[in-house]
Amino acid sequence: MELGVDGIELDVQRCASGELVVIHDQDLGRTTNGVGLVSDITYDEIHRLSAGQWFDIGYRSEKVPLLSEVLDMVAGKSILNIEIKNAPVSYGDIEEELLAMLSDYNHNDKVIVSSFDHYVLQRLRQLDNNIQLAMLADAILIDMPKYALDLGVNYLHLCLGSCRAEIVEEAHQAGLKVTGWTANGRRAWLDAIKMGVDGIVTDDPAELMVLLGRAMLLD
């Protein structure tokens, strides 16, 4: 946020006590010093874990945040892309829970909900006609724009390794925006820009902003 990025992409899972927590994996082992499935462990137990020690000892006090805490922190200062993780662990009624939480968020024009589980996207659209949705895909589907429009999404979030410029153009002609993931490094960024994508997901936003000439806050 201090860099002035356009948006933040994150993943949500539901823990055993019912809270939506921000963590990529369904298992705690890779990004915390805990073990087991997020779905089997209460938030009180998860909150005792370090979510930064794996990266560097200086980050050992970092915790797995609640989605509600992230919403309070971002507060409309940037776009927030919330990816619902629903495989291999399936979280029943997670769509209703997320929409209930977002009903108290006053910046839903800056929220996009994405998922690889397209049943989740279908249910979200049936429940809310206004929420912005993004279809995640790691394949070149036949007539992808029609599929996306039938699903009711606003964005295609495509793996850049499974994308081509003509796919992006077809999406644009259908009124869809395209975000490419995950691009790291100058060559990957330039390839994504050449494809014509509307957004780039990266692990290195600071250097991407240098490339884009938007690094005003990087002194």
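Contact means that heavy atoms lie within 4.5 Å. The legends below describe a predicted model, in which local features need pLDDT of at least 70 and side-chain atom pairs count only at pLDDT 80 or more, while totals for chains, interfaces and linings use all residues. Residues are numbered from 1 along each chain as its sequence is written, and side-chain values use heavy atoms, with hydrogens and water left out.

**View 1. The surroundings of Val 113 in the nonpolar core.** Val 113 touches Ile 82, Ile 84, Leu 98, Leu 102, Leu 121, Leu 124, Ile 131, Gln 132, Leu 133 and Ala 134, leaving aside residues up to four places away in sequence. The largest nonpolar core has 46 residues, and Val 113 is among those that touch the most other members, together with Leu 67, Ile 82, Leu 102, Met 135 and Leu 156. A nonpolar core is a set of buried Ala, Val, Leu, Ile, Met, Phe, Trp, Tyr and Cys residues joined through side-chain atoms within 4.5 Å; buried means under 20% relative accessible area, exposed over 50%, and partly exposed in between (1.4 Å probe, protein chains only). A second, separate core has eleven residues, including Val 38, Ile 41, Tyr 43 and Leu 49.

**View 2. The eight-stranded sheet and the pairing of β3 with β4.** Helices (H or I, at least four residues) and strands (E, at least two) are DSSP runs, numbered from the N terminus. Eight strands form an open sheet in the order β2-β1-β3-β4-β5-β6-β7-β8, with mixed pairing. Its edge strands, β2 and β8 (199–200), each pair on one side only. Two strands count as paired if DSSP finds at least two bridges between them. Strand β4 (residues 111–115) pairs with β3 in the parallel sense over four bridges, and Val 113 in β4 is the bridge partner of Ile 82.

**View 3. Strand β6 and its two neighbours.** In strand β6 (residues 155–159), five of five residues are buried. Tyr 155, His 157 and Cys 159 point one way from the strand, and Leu 156 and Leu 158 point the other way. Strand β5 (residues 132–137) runs parallel to β6, with four bridges between them; Leu 136 has His 157 as its bridge partner.

**View 4. The buried side of helix α2.** Helix α2 (residues 67–74) has Leu 67, Val 70, Leu 71 and Val 74 as buried residues. These residues lie on the same side of α2 because they cover an arc of only 100° around the axis, the arc being that of the directions from the helix axis to the C-beta atoms. Their cover includes β1 (7–14), β2 (20–22), β3 (79–84) and α3 (94–102). After the helix comes Ala 75, with a positive phi near 45°.

**View 5. Salt bridges between side chains.** A salt bridge is a side-chain nitrogen of Lys or Arg within 4 Å of a carboxyl oxygen of Asp or Glu, and the whole structure holds eight. Glu 95 and Arg 123 form one at 2.6 Å, N to O. This pair links helix α3 with helix α4 (residues 118–127) across 28 residues of the chain. Glu 95 is buried at 2% relative accessibility, whereas Arg 123 is partly exposed at 32%. Asp 11, Glu 83 and Lys 85 belong to one network of salt bridges that share partners.

View 6. Most residues other than glycine have a negative phi, and most peptide bonds are trans. The bond joining Ala 87 and Pro 88 is cis, with omega about 0°, and Pro 88 lies in the loop between β3 and α3. Asp 93, in the loop between β3 and α3, has a positive phi of about 65°. A cis bond also runs from Trp 181 to Thr 182, with omega near -25°. Asp 143 has a positive phi near 50°; the residue sits in the loop between β5 and α5 and is partly exposed at 44%.
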